[in-house]
Amino acid sequence: MRFVYLDNNATTPIHEDVIASMNEALALYGNASSMHGSGRDASFRIEEARSAVADLIGAPRGSIVFTSGASEANNTVFNIFRDRIDQGSKRNRMITTTIEHPSIIEKVAYLRDRGYRIDLCPVDNTGRIRLDVLKGLLDEDVALVSVMFGNNEIGTIQPIGTIVEMAHEAGAHVHSDATQAIGKIEVSMEELGLDYLSLSAHKFYGPKGVGALAVAKGAPYIPYIHGGRQEAGRRAGTSNTVAIIGMGTAAKIAKRDREDEEKRLWRMREMLREGILERIPNVVVNGNQEHCLPGTLDVSFPHAEGESILLYLDLEGIQVSTGSACASGSLEPSYVLLSSGVDIELAHGSIRFSFGRYNTEDDVTYVLEKLPPIIKRLREMSAI
Amino acid sequence: MSNFMAQWVYSPTVKDHFMNPRNTWDEKENFVPDGIGDVGSLACGDQMRVMIQVEDGRIKAIRWLTYGCASAIASTSMLSEMAIGLTLEDAYHLSPEVITDALGGLPEHKFHCSVLGDKGLRAAIDDYLEKNGLSNPYRNAVAKIVCECHNITDVQIEDLVKTKQVTTLEELQKLTGYGSTCGKCKADIAGLFDELTHIYNV
């Protein structure tokens, strides 16, 4: 049976060059904080990786704080501003959106429960932030605006440049969770004027469990993990040498291949979108078709339930994800789809196809062969 | 790339029924049902129709349609096999636990899917009895008292929800007075109400 992995927004396979560099790095046992030769060797390679990650996102080397991933980076940013509010800052309100990653949505719920003021800016029915609402929310009491770069489910890309301008004019700092955008579209922290940016290595063919928070010069920083002088005192804990070196290699590859990959991913995504619309009646494509991550396609199939589609596809060797409640372990379907104005039944019948560098057009052909009979069969079995 | 080492999401029996669902309704068959039961709610992602033919007080044949996840499809398929040949009384007593056991178990959060299958079958039997002007001795037999102080059964609450006489927990409280004496049943009834509003799409 053919295997087609179309869940690259969940995670990506590790690039062979990344594996090779990590294998080699396993021998670098020195603690990067040690002054002796072994420590300096590890430290040297870590700093190389720091440069590669900085280059990838258009930021100075010193801005990179290595973390366990984007979830930690996102939590760190909100902790910084929570602490500043606790210290009595007059700017005591934060703004984010309704479609952020759970590491922000749930952090915000946690902080709100404890009395912190955080507004959730809504998005339009393509998943783009409502700039008119954001404008109304911005005031001199706002400390932080956090908006994701590209959405993990529907792929919608936000107008980060405009958001930065608006927020800076109001005197607020801006963070963007760019986890899904890295390696797929151009991301330049300096050009955009971003104060903070989160990323995660396993979304661009690097290892799991490592990521970074980039902090622009002059942006407030308060450590979240205490206990050592690593990361220039910004994040304690012995450096994860192997994973960081792996991320550095992945960053170099991502920078080198990004432009070609962007085109290739978009071509496959469009081939699939057009093929689905051609072969399957009554289909709704979710998200924004103009401002969309190149490899992401989210489609709703009315009268067919997402988990069933996913599992029938899995039996054919095709791996995707769904916004259906049935696959989430709760009774609620994807909050990203619901807050983007997608009807509840359409959310239950949504499938996300996310392409990566190891997919080919033959994969698309295979999906277009296997998917239509699955939808037909489920619709025939449907009670709606 | 291989996922052969890991078990499938559900039991092998669930997989079999999901891949080859039994007794699904097919337009070409011209199946004429004696009773039809519709249950479920789009909000929770499951909607189901169960159709039965009855002969000599037994389920002669059954067909079904479902919009739902793999365990909803498998549990309805399993229920349909188990129901054939049963007396209406026995069919009425097919419980979610029995169906789930026959499937080799379901994850905790998937349990409500098979609850839906037995509700669908009961609704179809109710429909059959009502259409034929027959009394329904089963309905009250399966009823369980949920509020002892006020002698209120789950079936009574189900009827009120199903016919949309109550749409909120407050209305149910006002109408039945449940929980107003010792208050012990409040949490259970709130849970039951939540489940019923899902099942009957209130």
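**Exercise 1. Is Thr322(A) buried or exposed?**

Solution. Thr322(A) has a relative accessible area of 18%. Buried means under 20%, exposed over 50%, and partly exposed in between, with a 1.4 Å probe and protein chains only. Thr322(A) is therefore buried. This residue sits in strand β12 (residues 321–322) of chain A, where a strand is a DSSP run of E with at least two residues, a helix is a run of H or I with at least four, and numbering starts at the N terminus.

A note before going on: this is a predicted model, in which local features need pLDDT of at least 70 and side-chain atom pairs count only at pLDDT 80 or more, while totals for chains, interfaces and linings use all residues. Residues are numbered from 1 along each chain as its sequence is written, chains are lettered from A and ligands numbered from 1 in the order in which they are written, and side-chain values use heavy atoms, leaving out hydrogens and water.

**Exercise 2. Find how far apart the C-alpha atoms of Thr322(A) and Phe353(A) are**.

Solution. Along the chain, the two are 31 residues apart.

**Exercise 3. Check the span of helix α2 (residues 70–83) of chain B**.

Solution. Start with its 14 residues. The expected span is 1.5 Å times one less than the number of residues, which gives 20 Å here. The end C-alpha atoms are 20 Å apart, so the two agree.

**Exercise 4. How enclosed is α2(B)?**

Solution. Of its 14 residues, 12 are buried, so the rest of the structure largely encloses α2(B). Among them are Ile73(B), Met78(B) and Leu79(B). Just after the helix, Gly85(B) takes a positive phi of about 90 degrees.
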